[in-house]
Amino acid sequence: MRYKERVERRTGLKLKEATKYELGKTYYCGYWGKTFKVLEIKPSEIWGEVYKCLWSDGFVTTHSTAIEPDYDYEVII
């Protein structure tokens, strides 16, 4: 069973492949094991882009790492 399928089974989320974060969409972060919604996207000289995110636990942070294929996914609502 692929990682994506294990996450879907464990969380009840429906996930799809993603290559880039988009404003207003929700994503599953494989590193932290939780979801976040992209509230804002800003250019960054260091990272290319940084993302203001509302995490499933209510915290708002800046996220700067790109999507890691086969580990991070868009949540289909």
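**Group meeting talk: a walk through one chain**

Okay, let's start with the order of things: going along the sequence, this chain reads α-β-β-β-β-β-β. In other words, there is 1 helix and there are 6 strands. And how does the radius of gyration of the chain compare with what the globule rule gives for 77 residues? The chain comes out at 12 Å, close to the rule's 11 Å, so it is as compact as a globular protein of that length. Please keep in mind that what you see here is a predicted model.

Some overall numbers next. The C-alpha trace spans about 40 × 25 × 20 Å along its principal axes. Of the 77 residues, 32% are buried. The accessible surface is about 5,300 Å², and carbon and sulfur atoms account for 54% of that. One more for the overview: take the contacts between residues at least 6 apart in sequence, and 37% of them join residues at least 24 apart.

Now, the inside. A bit of background: nonpolar side chains tend to be buried together in soluble globular proteins. So which residues make up the largest nonpolar core here? There are 10 of them: Ala18, Tyr21, Tyr27, Cys29, Phe36, Val38, Tyr51, Cys53, Trp55 and Ile67. Strands E2 (26-29), E3 (34-44) and E4 (48-55) each put in at least two residues. E4 gives the largest share of this core, with 3 residues. There is also another core lying apart from that one, with 5 residues, including Leu15, Tyr28, Tyr73 and Val75.

Let's zoom in on Tyr51, a member of the largest core. If you skip residues up to four places away in sequence, Tyr51 touches Tyr21, Val38, Glu40, Ile41, Thr61, Thr62, His63, Ser64 and Thr65.

Staying with strand E4, have a look at Leu54. Is Leu54 buried or partly exposed? Its relative accessibility is 34%, so Leu54 counts as partly exposed. Leu54 and Phe36 are 18 residues apart along the chain, yet their C-alpha atoms are separated by 5.3 Å. Phe36 is also among the contacts of Leu54 once neighbours within four places are left aside, along with Thr35, Lys37, Leu39, Phe59 and Val60.

Over to strand E2, where we find Thr26. Thr26 has a relative accessible area of 16%, and the cut-off for buried is under 20%, so Thr26 is buried. What is Thr26 in contact with, leaving aside its neighbours within four places in sequence? That would be Thr35, Phe36, Lys37, Tyr73, Glu74, Val75 and Ile77.

Then there's the helix, H1, covering residues 3-11, and in it we have Lys4. Would you guess Lys4 to be buried or exposed? Lys4 is buried, at 13% relative accessible area. Beyond residues up to four places away, Lys4 touches Leu15, Lys16, Glu17 and Tyr73. Notice that Tyr73 turns up in the contacts of Thr26 too.

Last stop: Asp70, in the loop between strand E5 (60-63) and strand E6 (73-75). Most residues other than glycine have a negative phi. Asp70 has a positive one, near 65 degrees. And with a relative accessible area of 47%, Asp70 is partly exposed.

Notes:
Residues are numbered from 1 along each chain as its sequence is written. This is a predicted model: local features need pLDDT of at least 70, side-chain atom pairs count only at pLDDT 80 or more; totals for chains, interfaces and linings use all residues. Side-chain values use heavy atoms; hydrogens and water are left out. Helices (H or I, at least four residues) and strands (E, at least two) are DSSP runs, numbered from the N terminus. The radius of gyration is taken over C-alpha atoms; the globule rule is 2.2 Å times the number of residues to the power 0.38. Buried means under 20% relative accessible area, exposed over 50%, partly exposed in between (1.4 Å probe, protein chains only). Contact means heavy atoms within 4.5 Å. Accessible areas come from the Shrake-Rupley method with a 1.4 Å probe; for residues, only the protein chains shown count as cover. A nonpolar core is a set of buried Ala, Val, Leu, Ile, Met, Phe, Trp, Tyr and Cys residues joined through side-chain atoms within 4.5 Å.
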